[in-house]
Amino acid sequence: MDRKTDSRTGRMYVVCAIAIAVVLIYALRLFFLQIVDTDYKLTADSNAFRRDIIYPSRGLISDRNDSLLVYNEPSYTIMVQMMEQHGVDTLAFCRAVGISRADYIARMEEIKDTEKNPHYSRYRPQVFMSGLSQEEYARIREKSFQFKGFYFEQRSTRVYGGSVGAHVLGDVGEVSVNDLGRDFYYQSGDIIGKLGVERSYEKELRGEKGVRIMMRDVRGRTLGPYKDGLYDTNPVAGKDIKLTIDIELQALAERLLEGKLGAIVAIEPETGEILCLASSPTFDPRRMTGSERAKYTATLQKDLRRPMFNRAVMGTYPPGSTFKPTQGLIGLQEQIISPSTSFPCAGGFHFKGLHLKCHGHASPLSIVPAIATSCNAFFCWNLYRMFGNRSRYASQREAMTRWKDHLVAMGYGYRLGIDLPGEARGMIPNADYYDKYLHKWGPLSVISISIGQGEVTATPLQICNLAATIANRGWFKTPHIVHEIKGGTLNPKFSVQHRTLVDPMYYRYIVAGMRAAVTGGTCRAANLPGLAVCGKTGTAQNRGVDHSAFMGFAPMDKPKIAVAVYVENGGFGAEYGVPIGKLIMERYLYGKLSEEAEHQATVMQHRHITYQLK
């Protein structure tokens, strides 16, 4: 009897377990269909509703003087909803929109490819063709009733007012698969910033989308707004942005770099605001929109001169003699030298079989004339004494660590944090680096770093930032390209003062040396009437022709502009760097170029350099 009862009880448990399992399976399936699987919901909704996205206008971009640089014009996009496509005459459609049937098939396959379009659903509208003008829209609109499943959305096309400032402004293009994966704001066919300010301030510029919900009948025909638009949302326009650059100064900088590879950066020392940032060669941002974009971009990418590469912030070069002021400052602060310490220069630095050449000048020299004449020997001796000083440093490694700490505080070796994409960090070697690559090393084996050669590299932005730091006598603000976000907040890091590890009193000797370089040293061509210009040339050694560099600021007291010029294979700093730097300072400080300076600018504009590119 007990055995029969146990048997019945066991069977009852089994039946109950099966029943519960079936209920759970149905419940889970229902949950999946209604909550997890969006296609189920979309299928149901799409029978009754159509959700039209209303795209916001992108924020405008202007320069520091309120000249409008980037704005919008209306354009139209052809959308397709696959589930509504029934009996479309594809040949007639292709004729209407001006494409081949092969193009039509390729585009449809691309839309359905979930690797390229991860958000694809046959119930969601997809972008078929974008960037149609008002005229194209009007022509196609007349026949659109024939093409079921296709409809239009009004958007806007980005318009760049001129050919200047491409590396600063950037451009916009269709979102990539990676963009779709990173931010659910976007769907296939949307536009996103690709380069420059358009990319780094994408979230501020793009605005917020709106939605219009339209009712359908059982045949899929649009009846009108659902509940008179009660659940519609309006788009929010993107925020307007005011840049720090002076577009006229930017135009001059790009003009002076024509036919050359290089960069020009100018900074307002007090604020860290970038007045111009030019890279050569450049490209025309006006051609980076609409149907021409893909073809033009492909051409740029094949160009061996790399016009889309922003040399001002991405290019890393040996700074050459523009680096010498840092060595003078470190020597003074670390008490390796005093303002009166002199070193001999018999045609260069010659010691224990090592020979680093120098040009002819008076000897021996102290810090001020050493800066003015750009003496190699002075700064080599400076570094040699520092790395070998056992009364101040316990080891050579400790001395080198201290050396690097100074340079990092001056803005070298790491990214400064400019609000443009792709900034490079440059290179300041440390003891670990030499342990790895040289194994046994000493001051003489690394002596070239004292004059900005060897393993030391920097971006033109970092070189200009050094000029601004010297102009401020020991501090800088993070260089930035945006002055104001209308209705938004600028990153507070741009208002923070960064101080170096050098006592401000030592900067007066570097300033005096850079002023002497203009009045009677290597930068004489930078002299401007009525203005106390300070400068430092740089001739950076290269495997081919040396690079020409210059950094300077003006006026000497209460400086308004700091500038750096770097021309690849331009030879001596005085060949290209100095005259270009002078013209940039003159244009900004005087508001225009004199007739003589305008002639010099024209001559420089047409002085092209032949490069051996591979």
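Student: Where does R473 lie?
Tutor: R473 lies in the loop between α18 (460-471) and β15 (475-477). Helices (H or I, at least four residues) and strands (E, at least two) are DSSP runs, numbered from the N terminus.

Student: What kind of model is this, and how are things counted?
Tutor: It is a predicted model: local features need pLDDT of at least 70, side-chain atom pairs count only at pLDDT 80 or more, and totals for chains, interfaces and linings use all residues. Residues are numbered from 1 along each chain as its sequence is written, and side-chain values use heavy atoms, with hydrogens and water left out.

Student: Back to R473. What is its phi?
Tutor: R473 is not a glycine, yet its phi is positive, about 60°.

Student: Why bring that up?
Tutor: Because most residues other than glycine have a negative phi.

Student: How exposed is R473?
Tutor: R473 has 22% relative accessibility, so it counts as partly exposed. Buried means under 20% relative accessible area, exposed over 50%, and partly exposed in between (1.4 Å probe, protein chains only).

Student: And what about the phi of Q335?
Tutor: Q335 has a positive phi of about 60°, and it is not a glycine either. Q335 sits in the loop between α13 (324-333) and β13 (348-351). Q335 counts as exposed because its relative accessibility is 59%.

Student: New topic: peptide bonds. Which residues does a cis bond join?
Tutor: S280 and P281 are joined by one, with omega about 0°. P281 is in the loop between β12 (273-280) and α11 (293-302).
Tutor: A cis peptide bond also joins A554 and P555, with omega about -15°. P555 falls in the loop between β19 (547-554) and β20 (561-567).
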